[in-house]
Each structure stands twice: as C-alpha cells, then as structure tokens.
Amino acid sequence: VTALRAISVAEFFSKNRHLLGFDAPQRALVTAVKEAVDNALDACEDAGILPEIAVEVRETGDDVFRVAVEDNGPGIVVDEVARIFAKLLYGSKFHQLRQSRGQQGIGISAAGLYAQLTTGKPMRIVTRTGRESDAWELLVSIDTSHDRPDVHEKKKRDWDVEHGTRVELELEGRWNEGPGSVLRYLQLTALTNPHASLRLTAPDGTSHVFERTTSVLPLSPVAIRPHPRGVELGRLIAMLKDTEQKHLAGFLHAEFSRIGRITALRVIDRAGRGLTARSYPRRVAKRQAAALHRALGHVRVQAPRSDCIAPLGEKSILASLREHVAAQHYFATCRPPAVYRGNPFAVEVGVAYGPSRDASRDLTLPDREDPVLVLRFANRVPLVFQSGACAITRAIVHTNWRGYGLAQAKGALPAGPAVILVHIASVWVPYTSESKQAIAHYPELAHEIELALRDIGRQLRARVLRDDRVLLERKRRAHIQTYLPHVSAAIGSILHQSPKEEAETLRLLRSALERPSA
Ligand SMILES: Nc1ncnc2c1ncn2[C@@H]1O[C@H](COP(=O)(O)OP(=O)(O)OP(=O)(O)O)[C@@H](O)[C@H]1O
Ligand SMILES: [Mg+2]
C-alpha cells in the first residue's frame with residue numbers, strides 16, 4: 001500500500017511554481033521584482049511615507065541574477081522578518097477587506113522560494129524601524145518540508161538608512177527590455193503611482209529614474225467588514241464560531257458592514273428557526289445558520305461604503321497619460337463604486353489617442369494597422385502577463401470599437417494609434433491565480449468594465465470623427481487646388497481674358513476655396 005502523507009504548502013508550491021508566476025526565467029525575474037516593489041509601496045503608504053524605491057538587478061552568472069529592492073518604508077520588527085520572508089501564506093493583508101497591492105501573504109516568500117530552488121541561496125534582508133532602533137541583517141530560507149523559516153544568520157549592523165527595508169535574492173532569470181520586462185513593469189508602476197520615486201539599475205549598469213510628479217499620497221483606504229450581500233454560508237458559520245460577541249444581534253451589527261441594530265433584528269426575525277436577538281452566536285446550529293444566511297440575502301441593506309477603495313481619479317489618469325504616453329488626445333472616465341460578492345470595486349479607463357512625433361515619453365502608440373496597446377492595472381499594480389486570460393482584455397475585445405471610430409476584426413482587439421488603460425480598484429481583486437496577473441470573469445466586474453469602455457468610446461468617437469472630417473476636408477481642397485490653374489486658364493480662353501484678368505480669376509477661385517465650408 002502506498003503511504004499517505006500530508007503535503008506542506010511550500011512543497012506544493014515548489015512543484016507548482018507556475019501558479020505563483022515563476023514559470024519562465026524572464027517572467028520569474030519580473031515577478032520577483034514586482035513582489036518586492038508592491039510590498040514596499042504598500043508599506044510606505046500604510047505608514048504615510050512618500051515611497052522612494054531603488055531596484056538593482058545584477059548578473060552574477062549565466063542567467064543568474066541578484067535582485068535587490070530597497071525602500072524607505074517603516075521597516076519590519078526583527079522578530080517578524082523570518083516568517084514574512086520564509087513562510088508561505090503569512091501576512092498582514094489577507095484578513096482585511098481593504099484595498100492594497102498584496103493580499104494573499106505569499107508574494108515575497110514565493111520569490112524567496114523560487115530563488116532558493118534555482119540557486120540554493122537564502123534571502124538577505126536588512127531592515128530598520130527608526131533612528132532609535134538597530135538595523136538588522138538576516139539570511140533566511142524556507143524549510144520546505146516543514147513549511148517554516150530557517151534563519152542562517154541574524155546580526156545587528158550599521159546602516160545609514162533611518163528606516164526601511166532591503167530585500168536581496170539571487171535567482172535564475174532572463175533580462176530583456178521589451179513588454180513583460182522589469183523596466184516596463186516599473187514604467188507602468190510610475191504611471192499609476194505618481195507619488196512614488198522609482199530607480200532601476202539595470203545589469204549593464206545603466207539607470208532609469210522615475211521621479212515622483214506629486215507629493216500627495218493617495219487617500220488611505222479604510223478597512224471594512226464583509227458586506228452581507230457577499231458572504232457565503234461557510235464563511236458565515238466560521239464568523240459565528242470566531243466572534244467575541246455574546247448575542248446574535250450584536251454579532252450581525254459588529255461583524256458586518258451596513259447592518260444597524262434595526263436591520264439586525266429584521267434579519268433574525270426573518271430567519272426564524274427559534275433564533276432571537278439574544279441567541280448565543282457560537283451555539284447557532286447549521287440549520288439555523290442556513291436560515292440566517294437566506295435572511296441576510298433578502299433583507300435590504302445599503303450598498304457598501306466607498307472609502308474602502310482609492311481609485312486614481314480622472315485628473316490623475318489624464319496627468320499620468322500625458323506624462324508617459326506621447327499622443328494627441330487624452331480621455332478618462334471613472335465609474336462609481338459597485339459590488340461583486342460583497343466586495344466594493346471601481347473601474348476607471350483612460351485613453352491616449354493619435355500619433356505624435358514627441359519621442360521623449362516612455363510609451364509610444366502603435367501604428368494604425370496594429371492592435372491598440374492595452375495597459376491593465378489592479379490596485380495601482382500593472383498586470384504585465386496573462387493578458388489573454390484577463391477579464392479586462394475580454395471586455396475590450398467584446399466592445400464594438402468600430403462604432404467608436406477604430407478598426408476591429410471580429411474577436412480581436414481594436415487597431416489604431418491608441419493606448420487603453422483600465423484600472424480596477426477593489427478591497428479584494430479576484431485574480432485567476434496566485435501569480436496575480438489576470439482578473440477573473442465576475443459578471444458584475446465585466447459589466448462595469450464594459451460600461452466604462454463604452455463611455456470612453458463615445459468620447460473617442462467624437463474626437464476621431466472630428467479629426468476624420470478635418471482630414472477629409474484637407475484632402476478635398478488639395479485635390480481642387482491642383483485643377484484651379486487649368487480652370488482659370490479655360491475660363492480665360494472662353495472669355496478672351498488678358499493674362500492679368502486670368503490671374504485675378506485664379507485668385508478669386510483660390511480664396512473661394514479657402515473660405516470655410518458651411
Ligand atoms: N518592504 C516591506 N516593509 C514592511 N513590511 C513588509 C515589507 N514586505 C512585506 N511586508 C509585510 O510582510 C507581509 C507578507 O508579504 P507578502 O508579500 O508575502 O504578502 P502580502 O503582500 O500580504 O500579499 P501577496 O501575497 O498578495 O503579496 C505583508 O503583508 C507585510 O505586512
Ligand atoms: Mg506582497
């Protein structure tokens with residue numbers, strides 16, 4: 001008989017590292033940088049610090065790179081370092097319904113796990129929490145079979161940084177500079193994070209700097225309780241078990257958002273099955289919990305509050321597009337917050353349109369026959385891989401762009417000199433996998449994306465049509481211009497005009513053509 005054995009999370013992910021975004025060397029390098037930078041940005045914003053982040057990538061061997069990401073964030077308490085970096089599914093964001101870049105508690109430890117699998121080297125962490133505290137340096141790796149951190153070294157050291165964290169790891173990867181590269185990821189991060197200063201030192205020693213263009217931090221989103229519309233029965237049962245509340249009415253009021261005392265009583269009343277306001281939550285039976293769950297789905301409750309999400313806003317989208325994309329016209333639109341499965345979210349779209357000769361920006365528009373450039377973002381994080389699997393791409397393909405003045409083959413992206421930016425801000429982004437690169441197809445989400453695209457499409461059409469009319473008019477006039485000398489010569493010979501009179505006819509005809517048409 002084959003022996004049965006439990007499998008540790010770390011063992012599982014060592015065999016399934018593609019689920020974490022570490023399937024190809026080029027992608028692995030981008031993912032490692034992304035996990036560290038996302039964390040750095042989250043940490044800085046939570047602490048109210050304007051982020052300053054330095055990324056260094058050095059080639060240390062054939063297809064082996066040493067990646068270092070240093071931030072000026074609040075630093076990490078030394079006792080937490082080993083678990084944060086060398087234990088999968090350990091974090092501060094998973095149990096909170098609040099907009100942040102990270103959510104699963106697996107990102108940076110997954111990068112460490114991949115580094116250790118491909119080069120055998122542990123991660124090096126340097127961190128300091130303030131001027132009064134010591135700076136610490138740790139070397140950690142994951143003990144995969146037991147799913148726990150191995151600390152190889154832990155020492156105090158000198159560090160001329162007041163507070164912050166530096167993460168270093170060595171991994172197998174591949175460097176390039178096209179789409180789906182570290183540089184592109186940072187360019188796009190700068191686009192949706194104008195309050196951050198980012199610096200990249202590439203393997204060849206060149207550096208790329210993205211200075212912040214604003215010193216205003218995004219509004220800090222507040223954490224919310226689950227909205228009753230979204231909860232599933234299993235989650236309700238778990239919440240009933242975990243609560244500190246002694247009475248059912250207090251439980252509903254305290255553990256959910258948007259349930260006041262009166263709504264709580266209504267829910268309990270509707271549930272029936274012997275439940276009362278004073279029932280003890282932990283003793284609610286399965287059958288009663290099911291009734292409570294049904295009642296929660298029926299009683300009217302307000303939509304979730306929207307200050308738990310921090311969208312970019314139209315002004316910021318327009319400013320960022322102007323900063324990073326050379327184009328003639330810029331548009332933006334933001335949808336009001338909506339809800340999927342109890343989670344608030346908001347969709348925003350921006351478009352840069354029309355070729356421009358300005359070559360000083362990071363991103364250039366595609367040619368007239370090529371597909372538009374789609375930029376996808378979730379909670380300000382650029383999504384650079386798995387575009388085909390993403391609800392954003394699908395919504396763009398499903399939109400009829402011919403109606404808005406862009407060419408489009410059936411089932412394809414529209415074509416033309418345009419960039420379409422879509423940002424989804426949510427307390428919980430439904431990614432299709434742990435690699436956090438594509439957004440799942442929730443109907444409510446898809447619907448909101450489509451509405452935003454249609455709105456931007458209408459703005460675009462007005463502009464494209466105007467441009468087309470101007471172009472047509474110009475062509476028409478040029479065409480007539482070429483015949484005018486012949487026309488005036490013919491008139492001259494019919495009317496036996498002198499050369500002077502003929503020249504006067506030509507002048508009159510020209511000025512008639514120049515007059516704007518009605
Ligand atoms: N640079 C940093 N400064 C301060 N705290 C950090 C830093 N990096 C990570 N942390 C802390 O470590 C935790 C774990 O990070 P990790 O990337 O593994 O998960 P996460 O960011 O919570 O979620 P995700 O898996 O989606 O990235 C974070 O929740 C955060 O509390
Ligand atoms: Mg993270």
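This briefing walks through a ligand site, a sheet with its helices, and one serine. Keep in mind that the model is predicted. Ligand 1 sits among 20 residues, and the protein buries 93% of the 600 Å² that the ligand exposes when taken alone. Elsewhere there's an open sheet of 8 strands with mixed pairing.

**Around ligand 1**

- Let's start with who's closest: of the 20 residues around ligand 1, the nearest are Ser 92, Gln 103, Ile 106, Gly 107 and Lys 436.
- Two of these names come back when you look at oxygen atoms of the ligand: one oxygen is 2.6 Å from a polar backbone atom of Gln 103, and an oxygen is 2.7 Å from a backbone N or O atom of Ile 106.
- Helices α2 (25-46) and α4 (107-119) are the elements that give two or more residues to the shell around the ligand.
- A side chain gets involved too, as an N or O atom in the side chain of Asp 71 lies 2.9 Å from a nitrogen atom of ligand 1.
- Sort the shell residues by type and you get 10 polar, 6 nonpolar and 4 charged.

**The sheet**

- Reading across the sheet, the strands come in the order β5-β4-β3-β6-β2-β1-β7-β8.
- Why do β5 (148-157) and β8 (207-210) each have one side without a neighbour in the sheet? They stand at the edges, so each has just a single partner strand.
- On average, neighbouring strands are turned by 15 degrees against each other, if you ignore direction.
- Zoom in on one end of that order: β7 (residues 197-201) runs antiparallel to β8, and 4 bridges join the two.
- One bridge partner to look up is Ser 207 in β8, which pairs with Thr 201.

**Helices on the sheet**

- Helix α3 (residues 78-86) packs on the sheet and touches β3 (123-128), β4 (135-143), β5 and β6 (164-172).
- The direction of α3 makes about 35 degrees with that of β4.
- Which strands does helix α5 (residues 182-192) lie across? They are β1 (52-61), β7 and β8, and α5 runs at about 170 degrees to β7.

**A closer look at Ser 14**

- You'll find Ser 14 in helix α1 (residues 9-15).
- The side chain of Ser 14 reaches the backbone oxygen of Ala 10, at 2.5 Å.
- Leave aside neighbours within four places in sequence, and Ser 14 is in contact with Leu 113, Leu 117 and Thr 144.

Terms used:
Residues numbered from 1 in each chain as written. Chains lettered and ligands numbered in written order. Predicted model: local features only at pLDDT ≥ 70, side-chain atom pairs only at ≥ 80, totals over all residues. Heavy atoms only, no water. Near = heavy atom within 4 Å. Polar contact = N/O pair within 3.5 Å; in protein donor to acceptor, adjacent residues only side chain to side chain. Areas by Shrake-Rupley, 256 points an atom, 1.4 Å probe, with all protein chains shown as cover. Nonpolar A, V, L, I, M, F, W, Y, C, P; charged D, E, K, R; others polar. Pairing = 2+ DSSP bridges. Axes fitted to C-alpha atoms, helices over the stretch in contact; angles between N-to-C directions. Contact = heavy atoms within 4.5 Å.
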